[in-house]
Amino acid sequence: MRFSDEFETRFSEMITHYPTKRSALVPTLLYAQDEVGYLSDEVIAELAGRLGLTELEVRNVISYYSMLTTKPRGKYNVQVCTNIACMLRGGEEILDHCKKKLGIGHKGTTEDGLFSLEEVECIGACSWAAAAQVNYDFHENLTIEKMDKILDEYKKKGTQ
Amino acid sequence: MADVTLIVDGKKVTAPAGTLLIEACKSAGIEVPSFCYYPGLSLQGACRMCVVKVEKMPKLQTACTTVITEGMVVITDSEEVRQSRKAMVELLLGNHPLDCPVCDAGGECELQDMAFSYGAPESRYTEAKNHREEQQWSPVVYFDRPRCILCYRCVRVCGEGMDVWALGVQNRGVSSIIAPNQSDHLECEECGMCIDICPVGALTSGAYRYKTRPWEMNHVGTVCTHCGDGCKTTLGVRRSDTGMEIVRGDNRDKSGINNDFLCIKGRYAFDFAHNEERLMQPLIRKNGKLEPSTWEEAFELIGRRFREVRDKDGGQAIGVIGSTRTTNEENYLLSKFARAVLKTNNVDHHRSADFPALAAALHGKPGKTATMRDVLTAPAILLIGNDATNQHPLLAWQIRTNVRLRSAKLYVINSAEIKLKKQAAGFALLPAGADAKAVAFLSGDDSVLDSLAAAGTARDAWTALRDQVRGEQNLVIAFGSELRGADIEKLAAFASTLTGAKLICLADYSNSRGASDMGLYPDLLPGYEPAASASKFQQEWGSLPAEKGLTLPEMIDAAKDGKLKALYVVGANPVGRLGIDPFLLSKSFVVVQDMFLTETARIADVVLPSANAYEKSGTCTNTCGDLQLVKKAGEVTDCKPDFEMIVRIADAMGFDVRGLVPFGGGTHSDMGQTRGAQSGEADRHAVWLEAHNLEPKMTPFDPMAILDEIQRVVAGYDVSRVNLLAGADQHIEIAEGGAGAIHKPELIVPANDGLFSSGTLGRYSKTLNSVMENRSADVEVAAD
């Protein structure tokens with residue numbers, strides 16, 4: 001299994017931050033996921049080997065964190081918050097709209113592999129509710145119309 | 001460590017500093033409930049059942065993670081504590097099915113007990129419970145997810161205890177689940193530790209599930225009959241059509257040297273006892289075919305033929321092969337029977353370790369052998385040869401636990417990178433077969449260093465390892481059958497240069513040590529007394545044969561030449577295990593006592609169906625020399641203990657059995673045989689005798705009568721009878737015995753059993769077979 005040079009540089013630097021190797025697992029998983037798109041069996045085996053863990057231990061950690069996934073996701077992972085602030089400002093309606101527009105449910109991926117949808121807990125943007133996160137970008141003060149436009153833009157970007 | 005005094009429920013409690021509050025309470029007789037806390041495993045604090053009120057602390061504290069401090073004031077039972085525990089039980093029962101009437105754990109379930117003691121009669125949860133069908137994770141392990149209460153005991157015992165790490169916890173919060181390492185099944189050592197440690201019925205065993213209820217069984221703590229470690233296994237037995245059926249094995253009785261530990265063999269491989277191939281009737285060869293017969297006919301025939309051969313051709317025309325799984329009493333009796341009745345020194349057994357050499361090396365130097373318990377507490381351990389994880393699972397458990405909990409230093413010298421390397425503070429890789437050179441090197445011979453370094457461990461590393469080992473005090477040195485004869489003497493000499501070093505010689509079968517101690521050798525009598533100069537036994541046994549005895553291979557050669565007219569095989573399978581050509585035995589009259597029609601039994605003239613070690617009483621000695629009581633648990637009618645068969649053959653030969661078994665012993669009182677007004681007296685006597693650890697020894701079939709003799713005449717066996725009968729292990733001092741002997745190294749044939757095999761016996765265990773099949777199926781899939 002080969003990662004990019006950038007990943008390798010980051011990894012070898014990061015491993016020096018911790019007194020035990022296994023502590024580097026969570027950030028390593030995030031970097032690997034960003035690079036590969038998801039945490040494949042191959043990635044899990046590789047990282048387990050590097051950090052002296054069993055594959056089961058790596059899987060245990062992955063399953064704990066909702067931001068880590070072992071299944072391929074769309075190019076754009078749309079995460080709509082429906083926690084209390086967002087809910088009061090129409091978060092659930094926005095989620096419903098996304099479901100309808102993309103034709104997928106929670107944790108679903110569109111057939112063209114462009115979008116995944118997730119209903120998530122608080123993403124820390126309560127002051128600008130309703131909010132959603134697409135990959136690492138935040139979109140705030142959302143309305144159905146605004147969300148609609150955002151999805152169109154991503155679709156355009158993704159199919160160019 | 002200094003003592004700390006605290007107040008628990010108004011009672012003054014003193015315990016060493018560093019003690020956990022839950023343990024301090026326990027020592028004062030105050031019960032604090034818990035699910036996740038388990039002594040010896042890492043702390044979890046998951047179940048919140050052990051919460052107690054500690055003064056000056058704002059919230060309830062978990063007693064299992066709180067270390068006691070001076071002046072601490074603790075309340076373990078108050079309205080607040082009760083409320084909290086009640087709420088915990090309610091939460092645990094939120095998804096827990098109420099299937100206690102069919103659950104394996106019903107009746108011995110910790111959740112049941114806690115719900116009864118601390119729970120509420122009603123639940124406020126009206127939601128539907130999460131359900132998931134039961135899953136089979138391996139031939140042995142079943143998982144019923146909804147019953148799980150997430151105490152993580154299984155995860156910890158598998159990881160920390162067994163160093164297998166096959167179980168994990170996935171997801172989070174209410175969706176947390178216990179998960180096996182291969183997504184839907186387990187790849188592990190199948191020890192079943194997770195099942196026994198599970199406080200509820202979430203993990204159940206393929207061997208026992210849905211078979212019976214705990215209160216319908218009797219529970220007998222006896223010694224496992226598989227490897228040489230001598231674990232205590234508790235057999236759950238139930239009446240059946242053919243006697244007593246063994247339905248379960250576990251370590252309910254934790255008084256054994258193994259405490260919590262059992263491997264798959266101790267826990268599940270009792271099932272050979274009920275294999276349908278088990279012989280239930282004596283067989284006599286008639287017109288070339290083995291035909292069922294009666295016991296009387298069989299004994300009459302054997303007695304007549306043995307006597308004819310002895311009287312006509314002399315005792316040297318008879319060979320005797322003993323067993324490494326029968327009791328000490330049977331082995332002693334066989335040794336005596338061979339010499340005193342058959343008049344032969346042709347006695348041997350399947351040797352898997354060189355105990356005579358150890359006896360020779362330690363002769364007159366007591367205190368140089370370690371017990372299995374020592375391995376758990378020794379500051380340092382040196383393991384030379386042997387793959388303990390697979391061949392001596394308890395030894396490996398003791399080593400791992402000692403390294404983990406007491407920071408013992410482990411040094412490993414092996415020709416393979418065995419699993420215990422992970423726990424080792426020092427490891428040296430040997431070229432194959434160079435174990436003896438390693439001993440020479442340890443003793444100071446640097447000339448072997450170049451050849452030792454050939455396997456990859458550098459010269460410096462070897463020297464460093466030797467320096468470390470030499471610096472250790474109270475070191476336990478365990479060595480496999482790679483070391484034999486003079487090498488053992490050399491190792492013992494090296495050990496004597498260290499302060500407090502003790503040895504363990506590793507043999508493969510459950511009573512290999514006992515067979516050896518009881519003199520199943522042509523040249524040695526019980527207690528390693530050379531046969532040539534054994535005046536003690538002459539007095540005890542009468543005149544002894546003068547001719548030098550034959551070893552097992554020599555007996556086969558004699559049979560080939562037609563000189564061995566009769567061969568008596570007790571619980572051994574030399575044809576199958578030692579690769580002997582069965583045709584060579586065709587001229588001899590062969591008698592085999594076994595449970596199954598083994599390769600050896602198949603060529604016999606008479607086959608007698610024997611009871612196994614779980615179906616008789618007596619004692620056995622583990623590889624370290626720890627003597628333990630074997631208790632009768634199961635019973636299959638029509639099978640007899642080897643003890644009884646030996647006595648009856650002697651009787652059929654016209655020998656007065658009083659000369660063989662010193663039974664009766666002056667007890668002539670009426671033990672209740674008479675009826676009438678005093679009927680039932682026997683029962684009352686029996687109750688009294690048992691309560692006082694005495695036995696009447698009324699019959700020549702009572703092994704305790706021979707144990708008397710063993711304790712009297714076999715050096716080292718003079719241990720506390722009361723402790724022994726109470727179920728405690730007693731260490732045998734090999735150094736008190738005779739001079740021992742140095743034998744040819746090739747007479748030792750290692751069993752090479754792994755975790756899932758157990759000589760001939762293992763082939764008749766369905767559990768072991770199913771695990772083996774399951775594994776090879778996995779390998780085939782992987783190869784596709």
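Let me start with one helix in chain B: the buried residues of α9(B) are B:Phe355, B:Pro356, B:Ala357, B:Leu358, B:Ala359, B:Ala360, B:Ala361 and B:Leu362. Buried means that 20 or more other C-beta atoms, placed from the backbone, lie within 10 Å of the residue's own; 12 or fewer is exposed, and in between is partly exposed.

This is a predicted model, in which local features need pLDDT of at least 70, side-chain atom pairs count only at pLDDT 80 or more, and totals for chains, interfaces and linings use all residues. Residues are numbered from 1 along each chain as its sequence is written, with chains lettered from A and ligands numbered from 1 in the order in which they are written.

Back to α9(B). The helix spans residues 355-362, and eight of its eight residues are buried. Helices here are DSSP runs of H or I, at least four residues, and strands are runs of E, at least two, numbered from the N terminus. The cover over α9(B) includes α16 (486-496), β22 (502-505), α17 (512-517) and β23 (524-525) of chain B. Just after the helix, B:Gly364 has a positive phi of about 75°.

Now chain A. Chain A has seven helices and four strands, in the order α-α-α-α-β-α-α-β-β-β-α. Of its 160 residues, 25% are buried. Its C-alpha atoms fill a box of roughly 50 × 35 × 25 Å along the principal axes.

Last, where the chains meet. Seven residues from chain A and seven residues from chain B take part in the contact, contact meaning C-beta atoms, placed from the backbone, within 7 Å.

Technical notes. Contact = placed C-beta atoms within 7 Å.
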